[in-house]
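Subject: Structure handover

Hi,

Here is the structure I promised to send over. Have a look at it first, and then read on for what turned up.

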Amino acid sequence: MTDFRARIAAAYDADAFRRESHRLMDTLSDYLARTTRAEGPVLPWAAPAVNVDRFAAAFPEAPTGDFADLITRVLSSSNHLHHPRYVGHQVTAPVPLAALCDAVSSLLNNGMAVYEMGPVSTAMERNVLRWMAARLGLPETTDGVLTSGGSLGNLTALLAARQAKAGYDAWNGGAHAGPPLTVLTAQTTHYSLARATRIMGFGEGGVTPVPVDEHFRLRPEALDAALESATRAGRKPIAVVASAGSTATGAFDPLEPVADFCERHGLWLHVDGAHGASAVLSPAHRHLVRGIDRADSVVWDAHKGLLMPALVTAVLFRDGARSFESFSQEASYIFHGDAERPWSDIALRTLECTKEMMALKVYACLAVLGTRLFSDAVTESYEQTRRFAERLSAASDFEIAVPPECNILCFRHTPAHVPAERWDALQTKLRERLVTRGDFYLVQTKLPRGVYLRVTLINPLTTDADLDALMDALRAAALR
């Protein structure tokens, strides 16, 4: 046996893998236990340059056998999303079972360009999508794909909308084969919409902003004026993009009147439900997305309300045939036949060709843990946010931006000893203090009235006591 063959055999040795796996599972389990008990900081803050030095690329030529040491250093230096005081971005503390599924997916490495490369994950994906569509109330004609995040999901949906509503073949003829296009959406919509339209060649006017109300929800009565404005500017509107749980404030656009408008004007209705589509799982809160069943396309992130690791995003099309129109091209070395478009060849409908087994973790967790866990998690996160908003509103030194509709809440600390003109700077300073000390991980946003702190109560391990402690920590930091 050559030296190379011996080294390869060692790298793939099943017994060595078993030993490392057992050690890793013990390490991860201990880490999970410590983190969920809130031991240590949420984020062990270090400047970017410090971590670059900590993980320098001094790669050895020969094996060192220090995998366990490396993972210990990774765990100790990372942001701990399972810590009860992680209340930051819209990335959840995933259920541990899903992490095991990721290990299985990585070992199998069944890419999903065509069915034969991922037969099990392709079948699981189809059934997960059917389950999600049924929860949304979409018809049996619905089909779609899982893809890598809400930004790519929105792009995928808008590419199909362009093919359906542009009036010309923009995919083959190019962005200038017809009149310039635009989509109507709330002025506070997620930046991924503007990014998607620019990628498609719509340019600066590719998004026509629609005014929002005092709760940051799109105003349906303003759509007619936005449509007229876009038309006068020489643009052809093809779609309205409505938000179900906007990123900045968690606002839900009124979908029923928006759907009525789209029907009157022959426009595509896309609902960016990356964050809030999960409301359909909660009997107490599914009214927030009333009308989502009328959408032509919906984006729904499983790595938010469904407690999955990032990234798993469903893109659902009311007319399943439209799911093939986002990426209409030939690749004869993969796809065979001109007329046949089998649903089972996933790469016909996604930007990814080699795609990981995304459906495995969703399917496995729904099958093993049951759907009620996820339904209850959505309900509790929304209710917990409402309770926190009530406590903030009752305090004389805090104010909220708007009453929360879901599990996103914007608020600020307004102590009497700080003049109002310094409140913006105070929120920034308070966040920096808490995050760099590792006490809490929260974020901030800028709204028309100024800078606000922002929490997303997406971590099911966070308690009301943790949120009370957050208020106390902010008060203490403001006195320093």
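R294 and E256 meet through their side chains in a salt bridge, at 2.6 Å from N to O. (A salt bridge here is a side-chain nitrogen of Lys or Arg within 4 Å of a carboxyl oxygen of Asp or Glu.) This pair ties together distant parts of the chain: R294 sits in the loop between β5 (268–272) and β6 (297–301), while E256 belongs to helix α11 (residues 255–265), 38 residues apart. Both ends are partly exposed, R294 with a relative accessible area of 22% and E256 at 29%. For that scale, buried means under 20% relative accessible area, exposed means over 50%, and partly exposed is in between, with a 1.4 Å probe and protein chains only. Helices (H or I, at least four residues) and strands (E, at least two) are DSSP runs, numbered from the N terminus.

Before you go further: this is a predicted model, in which local features need pLDDT of at least 70 and side-chain atom pairs count only at pLDDT 80 or more, while totals for chains, interfaces and linings use all residues. Residues are numbered from 1 along each chain as its sequence is written, and side-chain values use heavy atoms, with hydrogens and water left out.

Back to the charges. In helix α1 (residues 3–11), D3 and R7 are 4 residues apart, about one turn, and their side chains form a salt bridge at 2.8 Å, N to O. D3 is exposed at 52% relative accessible area, whereas R7 is partly exposed at 46%. Helix α4 (residues 67–77) has D69 and R73, also separated by 4 residues, or about one helical turn; their salt bridge is 3.7 Å, N to O. D69 comes out at 42% relative accessibility and R73 at 32%, so each counts as partly exposed.

Next, the open space. The largest pocket holds about 1,700 Å³. (On a 1 Å grid over the protein atoms alone, a pocket is an open set of points where a 1.4 Å probe fits, with protein on both sides within 12 Å along at least five of seven lines; lining residues have an atom within 4 Å of a point.) It is lined by 44 residues, and L24, M25, L28, F67 and I71 are the closest to its centre. Helices α1, α2 (14–36), α4 and α5 each supply at least two lining residues, and α2 gives the most, with 12.

Last one: helix α7 (residues 150–165). Its 16 residues reach 22 Å from the first C-alpha to the last, close to the 22 Å expected at 1.5 Å a residue. Of those 16 residues, 13 are buried, leaving α7 mostly covered. Just after α7, G167 takes a positive phi of about 90 degrees.

Cheers

Notes:
Expected span 1.5 Å × (residues − 1). Points joined across faces, edges and corners; volume = space filled by probe spheres on them.
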